[in-house]
Amino acid sequence: MVYIDIKKQAIVSCTSHGFKNLEIKNDSSSIILEGTPFIIYFNKKNLIACTTISYDSVVYDYVLKLKPNITYTVTSRIGGDQGPNRISFKQMKQGKLLLL
């Protein structure tokens with residue numbers, strides 16, 4: 001399970017194990033975070049095991065910069081028999097997050 005913490009400006013795992021695989025998509029790009037901690041901050045450096053951006057490059061220190069008026073879909077896979085968990089949100093022009 002995953003949720004958006006509006007106060008912390010972050011994607012948070014409901015388990016202490018972190019994310020096995022976390023995909024963040026919008027209309028123009030896809031980001032896959034693997035071996036991540038249980039929290040991924042927006043607009044702040046995140047130390048993670050591996051990041052693939054639009055299926056091309058690998059980065060180890062990643063800043064998840066949100067663009068205004070763009071809808072994002074987060075799909076998390078934490079392993080085991082559980083299927084993927086999805087949540088959507090949008091950052092408004094004022095910087096506020098809107099859960100969809």
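## Rings that meet

Rings of Phe, Tyr and Trp (its six-membered ring) count as a pair if their centres lie within 6.5 Å; planes under 30 degrees apart make the pair stacked, over 60 edge-to-face, and the rest tilted. Here, ring pairs link Phe42, Tyr72 and Phe89 into a cluster. Keep in mind that this is a predicted model, where local features need pLDDT of at least 70 and side-chain atom pairs count only at pLDDT 80 or more, while totals for chains, interfaces and linings use all residues. Residues are numbered from 1 along each chain as its sequence is written, and side-chain values use heavy atoms, with hydrogens and water left out.

The structure holds 2 aromatic pairs. In one of them, the ring centres of Phe42 and Phe89 are 5.4 Å apart with planes at 35 degrees, so this pair is tilted. It links distant parts of the chain, 47 residues apart: Phe42 is in the loop between β5 and β6 (45–53), and Phe89 is in strand β9. Strands, by the way, are DSSP runs (E, at least two residues; helices are H or I, at least four), numbered from the N terminus.

Tyr72 and Phe89 also have ring centres 5.4 Å apart, but their planes are at 20 degrees, so that pair is stacked. Are Tyr72 and Phe89 buried or exposed? Both are buried, where buried means under 20% relative accessible area, exposed over 50%, and partly exposed in between (1.4 Å probe, protein chains only). Phe89 is at 0% and Phe42, buried too, at 5%.

## Around strand β9

β9 (residues 85–91) has a covered face with Asn85, Ile87, Phe89 and Gln91, and an uncovered one with Arg86, Ser88 and Lys90. In a regular strand, side chains alternate between the two faces of the sheet.

Strand β8 (residues 70–77) runs antiparallel to β9, joined by 7 bridges; two strands pair if DSSP finds at least two bridges between them. Tyr72 stands opposite Phe89 there. β9 also pairs with β10 (residues 97–99), again antiparallel, over 3 bridges, with Leu97 as the bridge partner of Gln91.

## A three-stranded sheet

Elsewhere, 3 strands make an open antiparallel sheet in the order β1-β2-β5.
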